[in-house]
Amino acid sequence: MDGYEGSATLEWWANRSTCLARFGVRVAIHVTGDDWTWEAIPEPPLSEEDREGFGFLMKLDPVFTLGFDEESALLVNVVPAGDHGRLTLTAFQTQAGVDSSHNKRRAGQGRPVPSCGGAPE
């Protein structure tokens, strides 16, 4: 696989049953050897209010659930890339012995049920 481009969602979960936000994104994953580069752009572009909310959630905890469909999701770290709302994503890795807030609120999470809500706005 050389890469993937398509639609996905970024969800921010307060705990295993409460999703506080869901954002539609256009994701591009590029593979070079063993290296993966992940980028996402909100789709549609975020309103000023949504940008503020998104920024607030990233300050609380930059770990979001990236969902490709109802069956496929993974935890990712989200970092703004600075231009046109572009985001850089990296796979979330838990550290043995670390009991951080994102580990507590996502412990055993897999794909949360119920879903975060309807289609992203």
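**View 1. Strand 4 and its bridge to strand 1.** In strand 4 of this predicted model, the bridge partner of Glu-11 is Thr-65. Strand 1 and strand 4 run antiparallel and are joined by 3 bridges, where two strands are said to pair if DSSP finds at least two bridges between them. Helices (H or I, at least four residues) and strands (E, at least two) are DSSP runs, numbered from the N terminus. Residues are numbered from 1 along each chain as its sequence is written, and side-chain values use heavy atoms, with hydrogens and water left out. Because the model is predicted, local features need pLDDT of at least 70 and side-chain atom pairs count only at pLDDT 80 or more, whereas totals for chains, interfaces and linings use all residues.

View 2. Six strands, taken in the order 1-2-3-6-5-4, close into a barrel with antiparallel pairing. From one strand to the next, the twist averages 45°, with axes taken as lines fitted to C-alpha atoms, for helices over the stretch in contact, and angles running from 0 to 180 degrees between N-to-C directions. Strand 1 and strand 2 are paired in the antiparallel sense over 12 bridges, and Gly-6 stands opposite Val-27 in strand 2. Read along the sequence, the protein follows the pattern β-β-β-α-β-β-β-α.

View 3. Phe-54, Leu-57 and Met-58 are the buried residues of helix 1. Seen down the helix axis, these buried residues fall within an arc of 100°, so they line one face of helix 1, the arc being that of the directions from the helix axis to the C-beta atoms. On the other side of helix 1, Glu-49, Glu-52, Phe-56 and Lys-59 are exposed. The buried residues of the helix pack against strand 1, strand 2, strand 4, strand 5 and strand 6.

**View 4. The largest nonpolar core and Phe-54.** The largest nonpolar core has 20 residues, and among those with the most contacts inside it are Leu-10, Phe-54 and Val-78; such a core is a set of buried Ala, Val, Leu, Ile, Met, Phe, Trp, Tyr and Cys residues joined through side-chain atoms within 4.5 Å. Helix 1 (48–60) and strand 4 (63–67) are among the elements that each supply at least two residues of this core, while strand 2 gives the most, with 5 residues. Not counting residues up to four places away in sequence, Phe-54 touches Leu-10, Phe-23, Leu-46, Phe-64, Val-78 and Leu-87, where contact means heavy atoms within 4.5 Å.

Conventions:
Buried < 20%, exposed > 50% of the residue type's maximum accessible area, 1.4 Å probe, protein only.
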